[in-house]
Structures are given as structure tokens and as C-alpha cells.
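Visitor: Please take me through the reading of this model, one feature at a time.

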Amino acid sequence: SIPVWLDCDPGHDDATAILLAGHTPGLELLGVSTIGGNQTLAKVTKNALDVLDAVGLSHIDVVAGQPRPLMRPPLLCPEIHGDTGLDGPGGGRLLPRSPRSPLPGKAITVISRAIEAAYEQLQRERTGQQQQQQQRGGEGGGGEGSWRSSSSSSSSSPSGERVRLVCTGALTNAALLLTVYPELSEMVEVVIMGGCMGVGNTGPVVEFNIQTDPEAAKIVFESGVPLTMVPLEVTHTVLATPQVLAAIGGIGGMGATAATAAAAGAVGIAAEAAAAAGPASAALSTAAPPPPSSSPVAPAAGTAAAAASPFRHTIQQLLLFFAETYKRVFRFEHPPLHDPVAVAYVIRPDLFECRRMRVDVETCSSLSYGQTVCDVWGQSAAPPNVNVVLQVDVEGVWRLLLEAVARADAG
Ligand code: BDR
Ligand code: CA
């Protein structure tokens, strides 16, 4: 299985990223670290513990990371995530409080040890596989295939032999990790939800996670580590429509209608959203985010609907709060679920269309600090450093999430 460390700031969409990472076969969630962002470090750390316990992952540890960005004052996002960082409809705490505490110690120490141990395990497995191949008279070696972008990466290990560090908040912890333990850049592939190619969300051309700590992002982007960026242009196509919410809630749950059974194939809506976003070429050439889909949805056939449950209801309630705030703040008809898309990339990279390009982080401009300046057409002489996601199979992402919800619900 693929070992994954998740660094996050829960946060509604971070909560679904935790659920997806912890309830997908083939992924091993090593641990969760937190970073101040959607709310204060203290709040998002408690939220991470609450989420893990609520989704049946109380065996996964949490460690608190940096309380503030490297060089700037903290940025919080209560207008989207509420006072707790994980409010339910109408405001206020939704999840029960976890009795657990975060691990003691510095996050980067804990993360580095976990990554090193998982990497050594991967190496042992690889050696075992090679020996088996040799015994069978095969050629041996090769691993699971090459890192898609190894040609311009400074590192040499193929993707299948690396631990994944998924970051769905500001990159402060990641920057410190790669600075203090540079040897880890040979052991990890970093996947982030963050940045944008054109239009931003918390600034005209900046995305929140990168805007929160641009200097940290610059360190990570220039570190030479294999890096995949899932930008806003892509996450804005993964919309939690009422049909998606109904499918998450299950038959008989809130929002259930005559169409709910069909909406268990929430994927049908997702496919529509993907179509609205257009092909990768359109994503590249447009300056504006794709319009949220508002037209009626043809339900997808074939997926059996699940029964409602208190667990499903809770997840639905979290997303309903998110839907309310996205409508109020951004006038989005349906909220985009950013963070699980980065986890989905680890699970099913084949669902994603990507392009390697040069991406530099603006840190000087007062107008656009935090901008991820994407050299889409290769104008710069600088070598490509980021694998940028251009488009995703939205239906496929919803399928992964609905399956994870079903597994968590089944206990
Ligand atoms: C990002 O900002 C946060 O509010 C979300 O959790 C997501 O990680 C989107 O810009
Ligand atoms: Ca986040």
C-alpha cells in the first residue's frame, strides 16, 4: 500500500480529505499533522482529532505543526469554516470532542521519523519483490514504474517507492521539514491542494493556502522534491451539489427525494460539472473559474443507494455548512470540495490530466504575494519544477469519496 502523511488545517474539505485518506484500501495513512490556517492551530488540531475519531480512525495520531507562517502574521478563514473551523449548519460545533491529545514534540521531527520508517519499509518490500522476480527468472528491478516527471526532478526514486506527503493547508510545515531534513526530498513525493493558474479565491490572483505562507511555498516549490499541485481551476470543478449531498446522506436522510436513489450515483452530477469546466485546453486559456453548474442533473445509473445513518447525516451537515458559506461569500451555487482532490490524486493518478511546468511563487509584490506564477507555455528559461493538474475526472473523484464514506459508515 502507499504510505501517506496528511498535513492539513481542518476545515470542512480537509475533514473529507482525512476520511478519504483513512478509508481507501491501498493507502496507509501514517499520521496527520496540522497547520494554522482555516482556524488557529489550537482549533484545527482539536478538529483533526475530532474528525479522526468521528470517522472511525482514532488509531491515527495527530501532531500539531507551526502556529504561524514563517514571516507573516497568521491568516484565518472563519468566513468559510466558521468560528470553530468546522462549524455545522447555523454555526457552532458539530462533532463531539475527542478525548485524545496530539502527540508531544515537534511536528517535523514526528513526520520525518514516520516518513523514514515508511520509506525503509518500501525499500524492503522492493528488495523482496526483486528477489522473488529473480527467483522466478524475471528481470528484477524496475519498481512500479517511473515518476512521471523524473526527467526534470533532481531526485531519482520512482514514484511507487516514495512516501506521499499530502498538504492541504499552508506549506509552513512542509518547508521546515524539507529544510531541516533535506534528505527527505529523496523519499517523498509532495502533493498539494493550493495555488491557481489564473483567478484566486482570497485575492484576485492568489489561493488561500499559498497566500497564507508564500515564503514557505517558495521553499517547497524550489526544493527539487517531486511536487504535484492541484490548483483552484481543478478543485472548482468538484462541486458538492445537492445530489452529491443526498448520496452522502443516503436514502431516507435529510435531502432525500425521489431522486435520492439515483443520486447514489452522485457521479452523474459530477460528470456534468466536469463537462462545464471544459477540456484542459479551455482550463488553460480561460482567466475565470468555471461557472458552478446549476442545471438539472441526469442521474447516473448503476450505483446502489445506501441507507441513511447518523454518520452520513453528520458528514452531510458539515458539507451543508460549507455550502452555505460558499454561497454567501463566493456566490457559488454549490461548494467546491478542494482538499480530497489532492488525496484522490494519490489514489488514482490516472483520473488526472497534468502538465509539468515552471511555477514560481510571488513573495515580493504587495498586490499579488502568494501568486503561483505558472509558465503554462514554457516562456521561461527556468526548468519545470511542478506537475500541475489541469483537469480531473470529477465523477471518478466522487466515486472514491462515496466509497470511503460507505466504508467509514460500515465501521
Ligand atoms: C483551500 O483553503 C482552505 O480554506 C481549504 O481548506 C482549502 O485547503 C482552498 O483555497
Ligand atoms: Ca485546507
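**Helix packing, sheet and confidence**

Guide: Helices α5 and α7 are oblique to each other, the class left once angles under 35 degrees (roughly parallel), over 145 (roughly antiparallel) and 65 to 115 (roughly perpendicular) are set aside. This is a predicted model, in which local features need pLDDT of at least 70 and side-chain atom pairs count only at pLDDT 80 or more, while totals for chains, interfaces and linings use all residues. Residues are numbered from 1 along each chain as its sequence is written, and chains are lettered from A and ligands numbered from 1 in the order in which they are written.

Visitor: At what angle do the axes of α5 and α7 cross?

Guide: Axes are lines fitted to C-alpha atoms, for helices over the stretch in contact, with angles from 0 to 180 degrees between N-to-C directions. Helices (H or I, at least four residues) and strands (E, at least two) are DSSP runs numbered from the N terminus. The axes of α5 (residues 172-180) and α7 (residues 214-221) cross at roughly 45° and come within 8 Å.

Visitor: Which residues make that contact?

Guide: Two residues are in contact if their C-beta atoms, placed from the backbone, lie within 7 Å. From α5 come Thr172, Ala174, Ala175, Leu178 and Thr179, and from α7 Ala216, Ile219 and Val220. Six of the contact residues are nonpolar, two are polar and none is charged; Ala, Val, Leu, Ile, Met, Phe, Trp, Tyr, Cys and Pro count as nonpolar, Asp, Glu, Lys and Arg as charged, and the others, Gly among them, as polar.

Visitor: How do α1 and α14 pack?

Guide: Their axes are 8 Å apart at an angle of about 20°, which makes α1 roughly parallel to α14. Asp13, Thr16, Ala17, Leu20 and Ala21 in α1 meet Pro340, Ala342, Val343 and Ala344 in α14. This contact has seven nonpolar residues, one polar and one charged.

Visitor: In what order do the strands of the sheet stand?

Guide: Two strands pair if DSSP finds at least two bridges between them. Here nine strands form an open sheet of mixed pairing, in the order β3-β2-β1-β4-β5-β6-β9-β7-β8. Because β3 (62-64) and β8 (372-375) each have a single partner strand, they stand at the edges with one side lacking a neighbour in the sheet. Direction ignored, neighbouring strands are turned by 30° against each other on average. Strands β1 (residues 2-8) and β2 (residues 27-34) run parallel and are joined by seven bridges; isoleucine 2 has leucine 27 of β2 as its bridge partner. Helix α4 (residues 107-135) lies across β1, β2, β3, β4 (163-167) and β5 (188-193), at about 165° to β2.

Visitor: Is the peptide bond from proline 10 to glycine 11 cis or trans?

Guide: This bond is cis, with omega near -10°, and glycine 11 is in the loop between β1 and α1 (12-22). In the loop between α13 (310-330) and α14 (340-347) lies arginine 331, a residue other than glycine with a positive phi, near 60°.

Visitor: Where does pLDDT stay under 50?

Guide: pLDDT is the predictor's confidence in each residue, from 0 to 100. The chain averages 86, and 82% of the residues score at least 70. Values stay under 50 over residues 140-155 and over residues 256-302. Where pLDDT is low, the predicted coordinates should not be read in detail.
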